[in-house]
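Below are some notes for a colleague who has not looked at this structure before. They are set out as numbered points, to be read with the model open.

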Amino acid sequence: MKNKTKYLVTAALPYANNYIHIGHVAGAYLSPDIYVRYRRLKNDDVIFISGSDEHGTAIEMASIIEKVTPQEIIDRYHFSNKKAFEDLGIQFDIFSRTSSEIHHKTAQEFFLNLINKDILIKKSDKQLYSEKEKRFLADRFITGTCPVCGYEEARGDECENCGSNLSPLELINPRSKITGDIPVEKETTHYYFPLGKYQEKLSDWIFSKTDWKPNVINYCKGWFKAGLRDRAITRDLDWGVKVPVEGNDGKVIYVWFEAPIGYISMTKELFIERNDSDKWKEYWCSEDSKLIHFIGKDNIVFHSIVFPAMLMAHGDFNLPYNIPANEFLNIGGEKFSKSRGNGILVKDIVKYFEPDVIRYSIASSFPENKDSEFNWKDLLSRNNNELAAILGNFINRTVVFAKSKFNNVIPGEESINNLDQEILDQFRRSSDSVSAFYDNFRFRDALSETMNAVRSANKYFNDSEPWKLFKNDKERCGAVIHTCLELCHSIAVLISPVLPFTAEKILKILNKDKSDFNWSNIGRRVLKSGTELGETEILFPQIEDSQIEKIISDESESNAVKNGKGSGNLIELDDFRKVNLKIARIINCEKVAKSKKLLKLKLIVGGIEKQIVSGIAEYYTPEDLIGKLIVVVDNLKPAKLMGIDSEGMLLAAKNNGELKIITVEGEISDGAEVN
RNA sequence: GCCGGGAUAGCUCAGCUGGUUAGAGCGUCGGAAUCAUAAUCCGUAGGUCGGGGGUUCAAGUCCCUCUCCCGGUACCA
């Protein structure tokens, strides 16, 4: 007999130099979580793997810029992201990290396996080397003059000014971004993976996948058409998995090669934790196991071409069974991005809303076929008009009815008839179609079918009119309410992949344990008459417009601070010109009596003396300031502060309890305009 | 520049290999009901399917072209 199918579900490894935002969640994390929860309800054998991707240039660069160790960087993001996932109810079996010992070991073994099979190629190449830092500089660590347009701050990989793609060796006057040191060309040897050799095998394999999403196939077509090239899989870098071959000091395995192996090492780690250290092989190597990678579209190449080619080369592991990649979730028509200041971080949004509300809102606009839009008003209307009105209301009206009319006890089912059976049957049919949608990774459809089932429960309630029955046929009324309570249980199961926290709450309200909590019980009677119900609770409180407005203003403010630019709050040049900024010299300064924060400054602006009062006494003493050149707003309406005239405002930067006034580099005469 | 993807009701999105009056949810409007978080249920109205041209008995769906958006990739002749 065939073994039971195993599901090995992975979610893209988030790169540990950023906090995850809801675009990530929509792209690669919520759908697998829903999928896995659904599989569990069907009693399938499934494990759910993810973890931080913690190596590579970007992290090393961040550590240099912040003057901390890479370890500090990855710890910060790894633990924060891990918690953010937990807060959202995204429940991995393991969320580990590629800096772990077992990952280094696994990645090295993988690498050696390919070396021993003579698959990897060694090639020498010239790269820029910094004598001062004693190391090769990665593309992003280099700036220089663009050979195309002459822009002096072009990056090693591209020129931001003219958009040219560059190689660092083409830059004129290259220099290290970190030290400014001028690098030299030096020969270095790297291992290459012969991706080109696998093209035919890969395309045969991918084009045999008739059930994959078309976007995934299309991306691959593009790559095949262009032709796959050999790719260097080692780098001259300190931070990463060391190349496990003698004579390769200072070289690490390149992240894109090493990171996906993390899926394997994390699976190993999971089963070591479970004291069953060989069991990972059942998921990775056995034929009855299905490997499913959930990713965003930016990751398609690695998961559908590069990693499968590596797995083919290695030979011991299964190839992916499916890669249901999502597109991107945009907000307000713009792409999520930190630099544009519009990313909604998970760690922030969970402070404002219940995780299930966030999950529902994201899941109902999953970017399954194309990029989709998210906005706050949408979240509000999803909560108020769907979750509260349809789902929350059905549970509430049922339980409140039972409470007031049946003494908070589940009524008897003596008078059930075929109308009651019909709604239960309908739930069974719904659960079948929801299943089919989940099986095909159609999460939006699954969710809408789920909500339709809940709607039909409301209809059943309306049509049965228990409030009328109560007056003339109490027994029949009891049967209806009993059925409604059964529906509550069925609903709890049906929604729980998407709304796990709500499902738990419903069970509590029903005073029911989890013994019947599985997919096959949807539309079945599992409750006992006479059982007392638990405490009622409003599942989805209304969200007010004012809440949303506050969040939007908070968010845009904090983003503006973070990124130094306003989001969605652009002004015209003329608006800016209204502000008259000038250079002023501080000629005298004293503390304002009886004030903690205020300093009184005497300034010279273009030969004219001015007096301003400024709230910087907690950061500067008068002695610090006298003689300094600062920037002031010269045409601000005068005001009185603690009775003292203030004829302007000085500019200062403030952040987390720090404050620094804006001064001028070098010497310039007071009164000079700033613009 | 080249390659790929997108543009469908007020909003968010479905529409497989072309086939009867273009769909769903939410919002709008009208009605029923009052157990329930004024929550439900029923019904209604809304679209020249980005513009233009073509193939076909028949096109949102195929072809050409243009506009706008998003990715990828290339600056070589």
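1. Start at the bases. This is a predicted model, and in it a base nitrogen of RNA strand B is 2.8 Å from a polar backbone atom of Phe540. Leu539 also faces a base: one of its backbone N or O atoms lies 3.5 Å from a base oxygen of RNA strand B.

2. Arg455 places a polar side-chain atom 3.0 Å from a sugar or linking oxygen of RNA strand B. In total, 35 residues surround RNA strand B, and the closest are Ser372, Glu373, Arg397, Phe461 and Asn462. Of the atoms of RNA strand B that come within 4 Å of the protein, 76% belong to sugar and phosphate.

3. Which elements supply the surface near RNA strand B? At least two residues each come from α6 (214-226), β16 (372-374), α13 (376-405), α15 (443-464) and α16 (466-472). The largest share is that of α13, with 11 residues. Sorted by class, the surface near RNA strand B holds 14 polar, 11 charged and 10 nonpolar residues.

4. The largest nonpolar core has 155 residues, and the members that touch the most others are Phe193, Phe257 and Leu391. A separate core of 16 residues lies apart from it, with Ala584, Ile630, Leu650 and Ile661 among its members.

5. Leu391 links two of these topics. Beyond its neighbours within four places in sequence, Leu391 is in contact with Glu386, Met451, Val454, Ile491, Ile495, Leu499, Ile506 and Phe540. Phe540 is also the residue with a polar backbone atom 2.8 Å from a base nitrogen of RNA strand B.

6. An open sheet of 4 strands can be traced in the order β5-β4-β9-β10, with antiparallel pairing. Where are its edges? They are β5 and β10 (231-232); each has a single partner strand, so one side of each has no neighbour in the sheet.

7. Within this sheet, β4 (residues 121-130) and β9 (residues 184-193) are joined by 9 bridges in the antiparallel sense. Tyr129 stands opposite Val184 of β9, and Asp125 has Thr188 of β9 as its bridge partner.

8. The bridge partner of Ser130 is Arg135 in β5. The two strands form a hairpin with 4 residues between them, and Lys134 in the turn has a positive phi of about 55 degrees.

9. Is helix α2 mostly covered or mostly open? Helix α2 (residues 57-66) is mostly covered, with 7 of its 10 residues buried. Those buried residues are Thr57, Ala58, Ile59, Glu60, Met61, Ala62 and Ser63. Their cover includes α3 (70-87) and β5 (135-136). After α2 comes Lys67, which has a positive phi, near 55 degrees.

10. Glu60 is worth a separate check, as a charged residue found in helix α2. Why does Glu60 count as buried? Its relative accessibility is 5%, and the cut-off for buried is under 20%. Leaving aside neighbours within four places in sequence, Glu60 is in contact with Arg135, Phe141, Leu237, Asp238 and Trp239. Arg135 is the β5 residue that bridges to Ser130, and β5 is also part of what covers the buried residues of α2.

Notes:
Residues numbered from 1 in each chain as written. Chains lettered and ligands numbered in written order. Predicted model: local features only at pLDDT ≥ 70, side-chain atom pairs only at ≥ 80, totals over all residues. Heavy atoms only, no water. Buried < 20%, exposed > 50% of the residue type's maximum accessible area, 1.4 Å probe, protein only. Contact = heavy atoms within 4.5 Å. Core = buried A, V, L, I, M, F, W, Y, C linked by side-chain atoms within 4.5 Å. Near = heavy atom within 4 Å. Polar contact = N/O pair within 3.5 Å; in protein donor to acceptor, adjacent residues only side chain to side chain. Pairing = 2+ DSSP bridges.
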